[in-house]
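Hi,

Here is the structure I said I would pass on. Have a look, and my notes follow below.

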Number of protein chains: 2
Amino acid sequence: TADVLIEADLRGIESHGAAMMPWYDELRRAGKINFAPRVKMARETVATALIDADGGLGHVPGVRAMRLAIDKSTMAGIGCVVVVNSNHYGAAGIYAEMAAKAGRIGMTTSTTHMLSVVPTFGAEPMLGTNPIAIAAPARRNPPFVLDMATSTVAVGKINVARLKGRSIPAGWALDERGQPVTDPERALARKHLTPLGGTRELGSHKGYGLGVAAHILAAVLGGASFTPLRQRRQGKSEPDNIGQFFLAIDPQAFRADGAFEDDLDDVIDALHGTRPAAAGQSVLVAGDPEQTCRAERMRGGIELPDRLVEELRGLAAGCNARFTLSATSPAL
Amino acid sequence: TADVLIEADLRGIESHGAAMMPWYDELRRAGKINFAPRVKMARETVATALIDADGGLGHVPGVRAMRLAIDKSTMAGIGCVVVVNSNHYGAAGIYAEMAAKAGRIGMTTSTTHMLSVVPTFGAEPMLGTNPIAIAAPARRNPPFVLDMATSTVAVGKINVARLKGRSIPAGWALDERGQPVTDPERALARKHLTPLGGTRELGSHKGYGLGVAAHILAAVLGGASFTPLRQRRQGKSEPDNIGQFFLAIDPQAFRADGAFEDDLDDVIDALHGTRPAAAGQSVLVAGDPEQTCRAERMRGGIELPDRLVEELRGLAAGCNARFTLSATSPAL
């Protein structure tokens, strides 16, 4: 779990790194997460498996699921593993990239604990930000890694606008009647997000459909919960039964060894060579910003906000865990 | 091929129905499509296959590929088939729904003949509208069928705005410098589309990433072409080597028979029950509009524009094919 959280911080995805721990602890204290889970195989075929996470955090079963999908793709050309009775698993792109590092196309989706995304034409949230991540290996270039929430933006971006005293674009968030909100304070009061596209006119029905598709793969396929129905039926300390989907495809089942990576390098190079709209900003490929950030942080370390360090110190004290981080720690 | 075209017209996806035939004939006359192809299996494992379409139209190898993916999912829990040396295959959703009708989750992506989508931060098109379709079976409800171009809108929508004398929203199309265009005439002169999201601010980097992911699955995986590179190297009558990706997942590999369909029914019912933003427009689920249209057209027939009927008449004459459609044909 620590590996996955640190990896997110290395990539600059701070919302899914160490900053998650206070929330995980909150769920632990509410009795909603099993901190001594027995992760087990529930079903298996030559190319598929169902893993029961036993109500624990999603990171360990997630890594296990993607490893198993990769292994199965060696035998069958493709491997598909679903995890049920899980919880938050951190940054989806990390699992997809595991597959890419093993020479596979990787894909993963997850459901979420919270409801935030309002369907097109709707006035109340019915989905989480249900992420989709897809990665693929190149040779000269770092892997392609798309890691996206199916909402237009994350709540964090609205908060940044609030802190900077800026209004937010129509199409990020909605009021209680399903109408666009541009005041970040009002948007944060409800946290009703739009699906990718933002408005019907700009294709929000597609983002909404992708969010449902992510839910079908991550939850309906394995038997995880659908949040609006769960919230109606669930007791206060009952687990959320989050689900995750993992897919690995071996290009060698389709092409000669290396041909896939060579072609993807050509695609990535061509995309990088796109004539830019503005002189200062060249065209990127999914995964580029995270690669740049990771390289910098492997050299310079990850700077944690003082407030987070203090929260983690309190959390360690509450668990009788030794706290080894300090503001000047050379380990940082 | 005719079945797939008629199915598109039945669903109201007229842009991918009989109206395609004049363009297919154009490609035929340019020597770019093989009208006597020998579709053949190129590679096969327990759960995967590569089909060579031999330069023919994509519909017949597409149907064959999805059938094979479904068959493989019976044995292995999942089946993945890629088609290379193909051409346009019509409406992607039809193939995904084939899987749903067979009780499977279905997914397909395709590359395209034309370049139209401009990457985020770019000023020139580098991708096609690369569609993604995902379908899944319910029991009480028609299947979930998401069928989306990874661009914000199709060119056809811009043309409709032109015909109605309306401006288009900023975020549909771009000028030669990569800036938003609101005049539909100017937009149609170049046909430079945005990726889903429309602008960077509203998440176009996600739509751009999805377009590249669709290309990786449909083209890089099997060895089909990347249009910007193809256009630099290709002779005039050389085939385009379009690629398509087909995936079928059997829920029975993960859950007891029927549990998936029951849960998806609950999800669909809950989504339909979302409190609407406006009294007149309830919340839909992907596939709903096409289901409604299909039911109407199965009763009332498909009305073809006079101009299309005349084009088809000319096309039939040019091929020495008997033309059996008439404006009053009861077969309509």
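A question to start with: which residues does Pro169(A) touch, not counting residues up to four places away in sequence? They are Val181(A), Thr182(A) and Glu201(B), where contact means heavy atoms within 4.5 Å. Pro169(A) is found in the loop between helix 5 (155–163) and strand 7 (173–174) of chain A; helices (H or I, at least four residues) and strands (E, at least two) are DSSP runs, numbered from the N terminus. Pro169(A) is buried, at 17% relative accessible area (buried is under 20%, exposed over 50%, partly exposed in between, with a 1.4 Å probe and protein chains only).

Before you go further: this is a predicted model, so local features need pLDDT of at least 70 and side-chain atom pairs count only at pLDDT 80 or more, while totals for chains, interfaces and linings use all residues. Residues are numbered from 1 along each chain as its sequence is written, chains are lettered from A and ligands numbered from 1 in the order in which they are written, and side-chain values use heavy atoms, leaving out hydrogens and water.

Now the interface. On chain A, 87 residues are in contact with 87 residues of chain B. The area buried between the two chains is about 7,000 Å², with carbon and sulfur atoms giving 72% of it (that is the accessible area, 1.4 Å probe, that two parts lose on being put together, summed over both). Among the elements giving two or more residues to chain A's side are strand 3 (78–86) and helix 9 (259–272), but helix 7 of chain A gives the most, with eleven residues.

Over all chains, though, the search finds 38 salt bridges. One joins Glu14(A) to Arg297(A), with the closest N and O atoms 2.7 Å apart. That pair links distant parts of the chain: Glu14(A) sits in the loop between helix 1 and helix 2, and Arg297(A) in helix 10, 283 residues apart. Glu14(A) is partly exposed at 36% relative accessibility, whereas Arg297(A) is buried at 18%.

Another salt bridge pairs Arg28(A) with Asp25(A) (2.8 Å, N to O). Both lie in helix 2 of chain A, three residues apart, about one turn of the helix.

Cheers

Terms used: A salt bridge is a side-chain nitrogen of Lys or Arg within 4 Å of a carboxyl oxygen of Asp or Glu.
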